[in-house]
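Please read the following report alongside the sequence and the model.

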Amino acid sequence: MILKRLYDEKLSQVSYLIGCAESGEALVVDPNRDADAYVREAEGEGLEITHVAETHIHADFVSGSRELVARTDARLYLSDEGGEDWRYAFAREAGAVLLRDGDSFRVGSIQIDALHTPGHTPEHLSFLVTDRATADRPMAVLTGDFVFVGDVGRPDLLERAVRVAGTMEAGARTLFRSLQAFKELPDYLQIWPGHGAGSACGKGIAAVPHSTVGYERLFNWGFAIEDEDEFVKAVLSGQPEPPRYFAEMKRINRDGPPLLGGLLRPQRLAETRLQEVLDRGELVVDTRSAAEFAQGHIPETINIPLDRGFTTWAGWFIPYDRDYYLIVDDSCAHCVDEVGRDLTLIGLDRMAGYFGPEVLAGWIRKGGKLGMVPQITPDELAGRLRAGEVNVLDVRGAAEWEAGHLPGVENLFVGHLEDRLDEVPRDKPLVVHCQTGARSSIAASLLRAHGFDNVINLKGGYARWQAEGLPTEKPKGAEGAKREF
């Protein structure tokens, strides 16, 4: 058996290529939209992709299963579990083989057995992998978003992201029961999960790429809790805010992602077109670093730096129902391709084009002024807070704020800013902060684009504030735990 783990760092997402060396056949599980990457990997091993499968309807990226099947003429395998309320709508059209608990198929000498493991989603499957050429028992289980290393899949996304009311607690209870059954699998069985550290599909996923059932039974918090009510409370608390684009991903992946025939790449536009784009009120996203944006940017643009968090924040703030534009420093040889790939992977296909960095100089030549985001150190902020000269806004997640925050400072998560601008104070200069400064830089750009002219970013964020020994506080009792304005 040949095994390849393909990991996308920005999505913290894992796909698996499993091949039979004897027959030359290969299975890809949970591919993203970059079909070429899987084909190249298979060809490099002398394999042909003949089978493609999904563990569940994904929320955090556009599934590449249809794209890969169209490219390779492989057979598609999808879940037929979960009931009528949440099922693949395109399965029949795609000619998919529908799998239920206990069903199996072969990839050469490799046997794949489907296990229904609901909780994260109603239709979720895990796949037992047995190399029949050398063994009569399974080697591993592909757990998708059911079990991670050190964590379990969150059961709240249908309710919190997709707004399917009443599914959160029911999903948590189903997840608990699925875990009880999963515990009965052999200790030696390897766990190959669908995500690594940083994914919003869990709240504490480890960076270790794989584990075993026995190890997780000993050290995974989700396995340790024996009481169902206690588990429900634990699994629903402290989950990160689900990115806004998760709801769109669920819809696209349920109904059937459109076929592209390859990754998209934005077209370069002449700098002279920028003014007309802004005059029409179109969204322009500046992908330069936060430091470059702070030193000078085109007014009304927002900053989402092309770094590891780019995909997630693009999904929060770029709309799916209209065109958008980008500013990309294309002196970086791979940056335009990287932007196109990242946005294609989450279905933001309406890239109307990009401007190069020369638009800033062109803006100045035409008499325009560049915007700036002033920076403030923790010590400077402490003094201005004592003097009552500034307002401060913590744009971290609610769980982070509850773990500790600046005294008297309220919380409004960066992803919710645009929906709640009327709650942001305007009577004084506004200092925004997050944990290290990355999210607050995005927040500052959003606020400036919406007319908040006097916005300042806290350098180093809450981490630097703590490191300098400045005072912090935690919410008191149940009343404090609800504080997000």
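## Basis and a surface patch

Where is methionine 139 found? Methionine 139 sits in the loop that runs between strand S9 (125–131) and strand S10 (140–144), where strands (E, at least two residues) and helices (H or I, at least four residues) are DSSP runs numbered from the N terminus. The model is predicted, so local features need pLDDT of at least 70 and side-chain atom pairs count only at pLDDT 80 or more, whereas totals for chains, interfaces and linings use all residues. Residues are numbered from 1 along each chain as its sequence is written, and side-chain values use heavy atoms, with hydrogens and water left out.

With a relative accessibility of 31%, methionine 139 counts as partly exposed, a class that lies between buried (under 20% relative accessible area) and exposed (over 50%), with a 1.4 Å probe and protein chains only. Together with Met1 and Leu3, Met139 forms a nonpolar surface patch of about 210 Å² of accessible area; areas come from the Shrake-Rupley method with a 1.4 Å probe, and for residues only the protein chains shown count as cover. Patch members have over 30% relative accessible area and no salt bridge, with nonpolar side chains (Val, Leu, Ile, Met, Phe, Trp, Tyr) joined within 5 Å and like charges within 9 Å.

## Cysteines

A search of the whole structure finds one disulfide, defined as a pair of cysteine sulfur atoms within 2.5 Å. Cysteine 332 and cysteine 335 form this bond, with their sulfur atoms 2.1 Å apart, and the torsion about the S-S bond is about 90°, so the disulfide is right-handed. Cysteine 335 is buried at 11% relative accessible area; cysteine 20 is buried at 4%, and cysteine 434 is buried at 1%.

## Strand pairing

Strand S3 (residues 25–29) has four of its five residues buried, so the strand is largely enclosed by the rest of the structure. Strand S2 (residues 13–19) pairs with S3 in the antiparallel sense over four bridges, pairing here requiring that DSSP find at least two bridges between two strands. Tyrosine 16 has valine 29 in S3 as its bridge partner, and the S2–S3 hairpin has five residues between its strands, including glycine 24 in the turn, with a positive phi of about 80°.

S3 also pairs with strand S4 (residues 48–53), in the parallel sense and over five bridges, and alanine 26 has isoleucine 49 in S4 as its bridge partner. S3, helix H1 (residues 35–44) and S4 make a right-handed β-α-β unit; right-handed means that, with the strands pointing away from the viewer, the path from the first strand over the helix to the second runs clockwise.

Elsewhere, four strands form an open sheet with parallel pairing, in the order S16-S15-S17-S18. Strand S16 (302–303) and strand S18 (351–355) stand at its edges with a single partner strand each, so one side of each has no neighbour in the sheet.

## Salt bridges

The count comes to 40 salt bridges, each a side-chain nitrogen of Lys or Arg within 4 Å of a carboxyl oxygen of Asp or Glu. One of them joins glutamate 228 and arginine 177 at 3.5 Å, N to O. Glutamate 228 lies in helix H7 (residues 228–236) and arginine 177 in helix H4 (residues 168–182), so the pair ties together parts that are 51 residues apart in sequence.

Arginine 251 and glutamate 248 meet at 2.5 Å, N to O, and are three residues apart in helix H8 (residues 245–255), about one helical turn.
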